[in-house]
Amino acid sequence: MIHTAFRVALPLAAAILLVPPAVAGSDADPAGEEPEFGLLKEAPGVETTFYACTACHSERIIAQQGLTREEWGELIEWMVEEQGMVEPEEAELREILDYLATHYNVDRPNFPTRHSAPGGG
Ligand code: HEC
């Protein structure tokens, strides 16, 4: 007599495969497109101005200013003499002054609006 008692134990490894939630951060926010030059108006000369002027401070300090070309010239001179700004080459300076006098003159056509200032001002 052969007792064939097969005790087939099938260990059911309950393999619960939890698919980890996608860690794909939504850093790239397609809705929140930042303008490349911050507050500065995109126009000819903005790039030169942005890079020459935002090394030490935010572009906001520029955007909220409204000056004549002559006053901008004096301000940049002051920035060079008193703040250690690298003196722009003549062509560069002209480009910056053209840009500033056009877009940040006394009529302040591009004065930053309050909604662009988180935390007010
Ligand atoms: C080397 C550093 C440096 C660079 C580059 C620089 N600035 Fe400034 N700027 C300063 C400092 C420092 C102050 C703040 C001085 C203070 O308020 O005590 C300032 C202040 C200012 C102000 C405010 C002045 C006021 O009356 O309150 C304006 C406007 C300004 N900068 C414009 C510019 C522009 C335009 C450029 C580019 C052409 C520029 N800055 C580049 C250092 C710099």
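This short talk covers a predicted model of a protein with a ligand, from its confidence to its ligand shell.

Two ground rules. Residues are numbered from 1 along each chain, as its sequence is written. The model is predicted, so to speak of local features we need pLDDT of at least 70, side-chain atom pairs count only at pLDDT 80 or more, and totals for chains, interfaces and linings use all residues.

Confidence next. pLDDT is the predictor's confidence in each residue, from 0 to 100. The protein's mean is 80, and 65% of its residues reach 70 or more. Over residues 8-28 the pLDDT is below 50. Beyond near neighbours in sequence, that stretch has zero contacts in the model; a contact means two C-beta atoms, placed from the backbone, within 7 Å.

Now the fold. There are four helices and zero strands. Helices here are DSSP runs of H or I, at least four residues; strands are runs of E, at least two; both are numbered from the N terminus. Helix H4 covers residues 90-103 and has the highest confidence, 98, while H2 has the lowest, a mean of 96.

On to the ligand. Which residues come nearest? Of the 15 around it, they are Cys53, Cys56, Gln65, Gln83 and Met85. "Near" means a C-beta atom, placed from the backbone, within 6 Å. Helices H1 (46-53), H2 (60-63) and H3 (69-83) each give two or more residues to this shell. H3 gives the most, with four.

By class, the shell has eleven nonpolar, four polar and no charged residues. Nonpolar means Ala, Val, Leu, Ile, Met, Phe, Trp, Tyr, Cys and Pro; charged means Asp, Glu, Lys and Arg; the others, Gly among them, are polar.
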